[in-house]
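Please look over the chain shown here, first as a whole and then around a single residue. The report below is arranged in that order.

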Amino acid sequence: MEALISDKSVGYIVAAIISAITTLFAVWFRHHLYEKKQDIVANHRSHENIYVSLQKMLKQFSADRVYIYEFHNGEHFFSGQPQKKFSCSYEWTAEGVSSESNRSQNYRVTNFHKYINHMISDGEFFREDVDQIKDFSFRALLQEKGVKSLYNVALKSANGKNIGFVGIDYIKGQEKLTEKQKQEVRIWARQLGAYISN
């Protein structure tokens with residue numbers, strides 16, 4: 001009789017443990033799904049803020065194309081070193097201007113060393129006349145996209161890390177921004193850097 005009671009007790013204990021584990025898992029899973037949903041909502045808002053900002057920049061500077069490029073790692077070389085790259089992650093264009101974002105992916109940093117070095121050291125790269133850019137490969141890339149004037153400002157995370165750059169292109173003709181306008185582009189870059197790094 002005692003063995004029977006013990007077996008029943010063990011059965012109840014096992015059932016209680018399984019029930020408790022199942023309940024804990026269900027609570028954890030519901031919380032996990034809720035947090036995931038919150039992340040998706042936050043990411044959606046962040047993307048929306050970025051696109052709204054680009055639209056405003058396009059209008060404010062009477063630009064033809066505005067965009068964001070972000071630095072990232074691509075594949076690895078045989079040496080094991082990562083191939084540092086940059087790709088267009090956001091873009092907004094004026095009516096009648098071609099979108100280049102899909103064709104602007106996985107550029108190797110090493111292929112545009114002078115431009116990227118200038119961007120990192122100065123925090124910006126402004127050229128009223130793209131034809132005057134000395135780096136042949138970078139100049140050819142811009143000419144292929146129809147760019148006449150270019151204004152780029154580095155994007156930084158909250159801790160000051162270079163994460164990419166925001167750019168303004170003029171396609172229909174050359175454009176010279178005033179110092180005040182350049183300062184406004186820098187302000188937009190700070191805001192966009194915050195959106196991207198959050």
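## The chain as a whole

The structure is a predicted model, and its chain has four helices and six strands. Followed along the sequence, these elements are arranged in the pattern α-β-β-β-α-β-α-β-β-α.

The chain has 198 residues, of which 36% count as buried, and its accessible surface comes to about 12700 Å², with 55% of that surface belonging to carbon and sulfur atoms. Among the contacts in the chain with a separation of 6 or more, 57% are accounted for by residues 24 or more positions apart.

## Asparagine 152 and its burial

Asparagine 152 is found in strand β5, which covers residues 149-156. With a relative accessible area of 1%, asparagine 152 counts as buried, because that value falls under the 20% cut-off.

## Polar contacts and neighbours

The side chain of asparagine 152 makes polar contacts with the side chains of two tyrosines. The contact with tyrosine 67 has a distance of 3.1 Å, while the one that joins asparagine 152 to tyrosine 115 has a distance of 2.5 Å.

When residues up to four places away in sequence are not counted, asparagine 152 touches both of these tyrosines, Tyr67 and Tyr115, together with Met119, Glu124, Phe125, Phe126, Phe165, Val166, Gly167 and Ile168.

Conventions
Residues are numbered from 1 along each chain as its sequence is written. This is a predicted model: local features need pLDDT of at least 70, side-chain atom pairs count only at pLDDT 80 or more; totals for chains, interfaces and linings use all residues. Side-chain values use heavy atoms; hydrogens and water are left out. Helices (H or I, at least four residues) and strands (E, at least two) are DSSP runs, numbered from the N terminus. Buried means under 20% relative accessible area, exposed over 50%, partly exposed in between (1.4 Å probe, protein chains only). A polar contact is a pair of N or O atoms within 3.5 Å; within protein, one must be able to donate a hydrogen and the other to accept it, and residues adjacent in sequence count only if both atoms are side-chain atoms. Contact means heavy atoms within 4.5 Å. Accessible areas come from the Shrake-Rupley method with a 1.4 Å probe; for residues, only the protein chains shown count as cover.
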